[in-house]
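This report describes how two protein chains meet and then turns to selected features within each chain. Please consult the sequence and the structure below while reading.

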Amino acid sequence: MEFETVIGLEVHLQLNTCTKIFCSCRNLFGDQPNTNVCPVCLGLPGSLPVLNRKVLDFGIRVGLALDCEISPLVKFDRKNYFYPDLPKGYQISQFDFPIARKGHISIKSSAGDKRIGITRAHLEEDAGKLIHNDQNRSTLVDYNRTGTPLVEIVSDPDLRTAQEAYDYLTALKLVLSYLSVSECDMEKGSLRCDANVSIRPKGDSKLGTKTELKNMNSFSAVRRAIDYEAKRQEGILLSGGEIVQQTLLWDDARAVTLPMRSKENSHDYRYFPDPDLVPFVLDPAWVIAAREALPELPTQKLSRLVEHYKLNIYDATIIIQDRELADFFEACYLIYPDAKKIANWLNGPLLKELNERKCSLHDLDLLPAVLAALIEKVETAQISNLAGKEALSLYLNKNGSLEEIIRNKGFLQVSDDQQLLTVIDEVLRDNPAAVAEIKSGKTNVTGFLVGQAMKKMQGKANPKKLNELITGRLQNE
Amino acid sequence: MKLYDQTAQKLKELIASGDISPQAIQQAVEERARAINPRTNAFLRFYDLPCTQHGSFRLPIGLKDNLSVKNQLVGCASRILEGYRAPYDAHVVERLLESGAILQGALNMDEFAFGSSTETSAFGSARNPWDTERVPGGSSGGSAAAVAAGQTIWALGSDTGGSIRQPASFCGIVGLKPTYGRISRYGLVAFGSSLDQIGPLTKDVTDSALLLNIISGFDPKDSTSANCPVPDYTQALTREIKGLRIGIPREYFIDGIQPEVLNAVQSAVKLLEKAGAQVKDISLAHTKYAVATYYILATAEASSNLARFDGVKYGRRAQSRSSGRPAIIDLYETTREQGFGDEAKRRIMLGTYVLSSGYYDAFYLRAQKVRTLIKKDFEQAFNEVDVIVSPTAPTTAFRLGEKINDPLSMYLSDIFTIPANLAGIPAISLPCGFDSNQMPVGLQMMASPFAEETLLRTAFAYEQATPWHTERARL
């Protein structure tokens, strides 16, 4: 029997507002434990939550960017459960009125573009962080993270392969990164993903029993975990067993999913409206303003780069992977309007530098004008392509201004006819055999002579110019 | 003249005229408080705070043990909060300190305000100063007893279903539950968050207006506090009630009311009519559902509000029994089993039940709908009348132990006070006589949202025409 995998993803995104969702503590994790806390986020008796406007704004932005309907009513509910990282014994979340619902996002699949539905996106508060000490079997709690604003984005069960899940996450992260509402860093925990996985005989419309996968620390771990889980479920069904609905933890080192708690299904969260946060009707003007303030999104930017700058899809796709890079591209173009050349430099040498340094564009001290000037020097043959790349690397290593580097390193190419001809004449004299071959029609030997001349000039000659001059010289003879 | 028996208004005048110093008052009241506390058990503990030197009301005040005072123990009369010191001041405490108030100490109450007699306090019941074999009412019984006994000049309580008004009635003083949202709840340990409201317990209506002036107003830290202006409530104390429309809800005059209570309230209505008010019968049709509705909504909210008391972060932490279960589960269960009293457990279980999946619609959701109907009853009634008058409680103070083993009959002592909380409207209780045992009877007045001025004006007119507020318990 052939099976089909059905996957829905739940993505938790930490929002990078200055302050927490219900209090004015700094929204910073990683400081000294329990320093960014107050009676509200510690859930001390008598404290009360007050909604951070900015969080609502970010939630609306996320909803709009995913083509969702925005809820006209803003309402928060309590999700009740006991856990030491949850200081109030309940999490403030949104149950029946998520801020956004019924959206979608497109992914590229083998069969072309595929639209993945977004069931809902809702706002909630993050819990604290437990730090387990295995040596003395104790657990410490850092409440700095409690009250960090989260938006949970739930997809429809539209994904059919682990690769599609990976592509969905990639597409989602790209859109979210354009909104500047989160660091979107899975390793640092600002983006977390749980997967609901079930399988069914191909052609069936009824969903199989699902399991929930947690503890994946990267997009590729999500892909691996889903692949593993689908095969595990298939094995169970094929041997006549039944899938148990449960939560499983992905163990990346051992590459297996393991049950988390046995009585998971008995959880009853007893959701009810939080009486401390009175529901209110969202001013439609707010949503309109948020829509107008939305940045150009990746798909829009892609079409514009292709249409306006005549970039090919390949180049444009690379450039839009990073909103900063795309902005940088456009800034360079204003100074040196050759889109293809700029794209080559961005997608080649610049990305290489970024990868090597494991940093992003804003970490580099690089102005568009500097790169544009560099490209221009290469294109006008003042320096060679190779020297250009080296100059960029040196520049980023803070070896002085571009001009200084080119001068000090002697990158400037010699294009002066007189100087070059002196060398060329020496080369022609020293290589009579080659000269004879060219004269007999083997013009490709010219390259050899260019190489010889370049050697004598220690690589500083303009190769194009050399070629021209040698050819000219031989024709005149 | 016993200083501790005076009203805040009178003492303020004495200070202003230079006849007496705030220190002398403080000393007299503190002496009185300590001397008779063994008999009233009104104060659970006295605060250790520096003296204030400034402010317009440098008078001692007692606070219910569910109000947070920075660096002081706050216990809600429960063992589970043992050792917990609030690291911040409640909004009302900030207001009091700005006014120069001398915060005396924490007043006894039913554990987490769950009760109508203070008998559920983990530290023993407070006693009624008129008869120490009787309860002072609850849950703000310590607040009412302390004011009535002269252990403090005035006090703050909290009212979720009558917890200010019923003890005020039992102790022969004035208790006001303001409109929901009039006073910030920030720093009040929550019981039923959609019902809780802080309010004054005072010797007379004037003091009630004075204290309301101090504690009212918008607080950005409480999303449910109302951002509307606060009038000077003392300006409402005009005695002028000619043409005032008073409604008598027939659903509040039912079998089972103590006859002396009924007589006293009926006499009060006649007096108001004589003073120029128009009295008419009205109906609040859904009154009979109020107690049931309340015990669903209040316990649902309480079950969630009390989840934070788990032994992990503050308060009491039970020793693990090493039962073979995960240590954290054991910690939760043992801490809560040992830390909460019976009534708290009963309400947590009730609230957990009504929110459980499969029961939510039948209980919580339906109760919310009934709450809306009760609110509408009042809206309609206030189209016809300005003030609704009723008994505060069906009886005067009962004996200690009389109802503690019968939760249902205990719950019914709040039958007339609960509707105002469900509707969010202001209500006041003031003395209107005594029964044959010389126990005070309380008169309740209710008004529409933010009509505290109407309420105070009516109450003041009645009070000034009667001698009840001048009576003091002999203790």
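## Interface of chain B and chain A

Across the interface of chain B and chain A, one salt bridge is found; a salt bridge is a side-chain nitrogen of Lys or Arg within 4 Å of a carboxyl oxygen of Asp or Glu. The model is predicted, so local features need pLDDT of at least 70 and side-chain atom pairs count only at pLDDT 80 or more, whereas totals for chains, interfaces and linings use all residues. Residues are numbered from 1 along each chain as its sequence is written, chains are lettered from A and ligands numbered from 1 in the order in which they are written, and side-chain values use heavy atoms, with hydrogens and water left out.

| Salt bridge | N to O distance |
|---|---|
| Lys88(A) and Glu125(A) | 2.8 Å |

On the side of chain B that touches chain A, α8 (290–305), α9 (327–339) and α10 (342–355) of chain B each supply at least two residues. The most comes from α8(B), with five residues. Helices (H or I, at least four residues) and strands (E, at least two) are DSSP runs, numbered from the N terminus.

Contact, meaning heavy atoms within 4.5 Å, involves 38 residues from chain B and 30 residues from chain A. The two chains bury about 2,600 Å² between them, 59% of it on carbon and sulfur atoms; buried area is the accessible area (1.4 Å probe) that two parts lose on being put together, summed over both. Ser223(B), Ser304(B) and Arg308(B) supply 21% of the area that chain B buries against chain A, more than any other three residues.

## Features within the chains

The structure holds 45 salt bridges over all chains. In the pair within chain A, Lys88(A) lies in the loop between β4 (77–80) and β5 (90–93), and Glu125(A) in strand β7 (residues 112–125), 37 residues apart.

In chain B, Val92(B), Arg95(B), Leu96(B) and Ser99(B) of α3(B) meet Leu211(B), Ile214(B) and Ile215(B) of α6(B).

Two backbone features complete the account. The peptide bond from Gly138(B) to Ser139(B) is cis, with omega near 10°, and Ser139(B) lies in the loop between β3 (102–107) and α4 (141–148) of chain B. Arg270(A), in the loop between β14 (256–259) and β15 (272–273) of chain A, has a positive phi near 45°.
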